[in-house]
Amino acid sequence: MTLSDAPKLADEKLAESLFLNVDARREELIETTVDLLKIPTFNPPGDNYLEICEYLETRLSRSGFEITKRRAEGALGDSDKYPRWNIIARHQGKRPGECMHFNSHTDIVSLGEGWTKDPFGKDIEDDRIYGRGACDMKGGLAASIIAAEAFIQTCPDYAGSIEISGTADEETGGFGGVAWLAEQGYFDPSRVQHVIIPEPLNKDRICLGHRGVWWAEIETKGHIAHGSMPFLGDCAVRHMSAVLAEMEEKLFPLLGERQTAMPVVPPQARQSTMNINSIHGGQEQPEDGYTGYPSPLVPDRCVITIDRRYLIEEKPAEVKAEIDALMRRIQQQRPGFKYEIRDLFEVEPIMIDKSAPVAATVTKAIEAVMGKTPEYVISPGTYDQKHIDRIGKLKNCIAYGPGILELAHQPDEWIGITDMLDSAKVMGHALISLLHQT
Ligand SMILES: [Zn+2]
């Protein structure tokens, strides 16, 4: 489907009454956001997932949604102590049609230092609600609930269905949340046709995907010996320092030159990047309270973890081959040097076309609500779209939601009430375009 084929807005008056309906729900929107912020769903470890699902069950049953709660048993991170609960709420229209799914993660990151406001929704000042997860992304979840409820009331005879999911673990990879649900078939294109993830990307921007990621461990191997006779050993840390020097001199400048056509935000991420996430060599660190000295040893292993973010213009095999070639260059310079590269995690880059039905529909909605053409962006890091795309095989998915991206995970995180109302109008307008077929 192209932009011009996207469903035409049936009735401008319908949109007007939907906007009024959203505005009339301002207090309800604030209340829902605060209720969500009150439940401390910290991840790790994964606290209170059942409680937040039960809250959403009560909240959405009230407006006629059918509820399914599923624990991601056996998924990475799931345990009896910290069960990974997810909720899928479905509202069925009066006639057959397509399904629009709003997916929000319910987990929040830890508070960190520097808070001057209450982190659980007690502080509302002017247009702002403060709290951990206010912008990332309980505010987006609340806005999607209000959008759906306003739409259902405005268009009671609509065609198709609306789903709202609240899912676990996005902040730690989404394996006990969207990945698990996608494996169970919840994101199969035969049951869901459009997905909006209300992550905080700013209310006038549409996020079409993300850069690729490859996490790997690189180990240099040496030979253990007495530290007083290092010539009898082979120091794995010195091998690693040669690797790091090569990265510094050759690899990082090269990555910086590799620019992309992907509209990644912030602009500094519009290139290939690599982070050295950790380094460890030699003996294990002694436990706290150990007062002795370490033993004199030549380290026989040193490990770094790399986090390589790559572009749609790069192939995953090339990204890996580049690191392997670097290691082989070092190997040629250093007799006896051995290494191993272990894959930890990888996701290919995603960039859907802005003419995809859900993107084209939200574009029209932003134009109608805010009178401007949206900016199309790509996220520097991945989010749950990766699982919907790769496991669910559902390509028609965007991230669109209220909240300022840079506030995510910061102290005194907040969400703007007007921003939530505007983006609820955008989401409601998109529902009219896709589900109100006359
Ligand atoms: Zn998020």
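Predicted model: local features only at pLDDT ≥ 70, side-chain atom pairs only at ≥ 80, totals over all residues.
Residues are numbered from 1 along each chain as its sequence is written.

Helices (H or I, at least four residues) and strands (E, at least two) are DSSP runs numbered from the N terminus. The axes of helix H4 (residues 134-154) and H10 come within 8 Å and cross at roughly 45°; axes are lines fitted to C-alpha atoms, for helices over the stretch in contact, with angles from 0 to 180 degrees between N-to-C directions. H4 is therefore oblique to H10, since angles under 35 degrees count as roughly parallel, over 145 as roughly antiparallel, 65 to 115 as roughly perpendicular and the rest as oblique. Residues of H4 including Gly139, Ala143 and Phe151 meet residues of H10, among them Met420, Met427 and Ile432, where contact requires C-beta atoms, placed from the backbone, within 7 Å. This contact of H4 with H10 comprises 11 nonpolar, 4 polar and no charged residues (nonpolar: Ala, Val, Leu, Ile, Met, Phe, Trp, Tyr, Cys and Pro; charged: Asp, Glu, Lys and Arg; polar: the others, Gly among them).

H10 (residues 417-435) also packs with helix H8 (residues 357-370), at an angle of about 130° and with the axes 8 Å apart. H8 and H10 are therefore oblique to each other, and their crossing is right-handed. Among the residues that meet are Thr361, Lys364 and Val369 in H8 and Asp422, His429 and Leu434 in H10. The contact of H8 with H10 divides into 9 nonpolar, 3 polar and 3 charged residues.

The domain assignment, which is automatic or from a database, gives domain 1 (3-210 + 350-435) and domain 2 (212-347). Their centres, taken over C-alpha atoms, are separated by 38 Å. In the contact, 7 residues of domain 1 face 9 residues of domain 2. Strand E14 (residues 375-379) gives the most to the domain 1 side, with 3 residues.

Ala72 lies in the loop between strand E1 (66-71) and strand E2 (85-92). Ala72 is buried, with 26 other C-beta atoms within 10 Å (20 or more count as buried, 12 or fewer as exposed, and values in between as partly exposed; C-beta atoms are placed from the backbone).

Definitions and conventions: Left-handed = near helix turned anticlockwise from the far one by under 90°. Contact = placed C-beta atoms within 7 Å.
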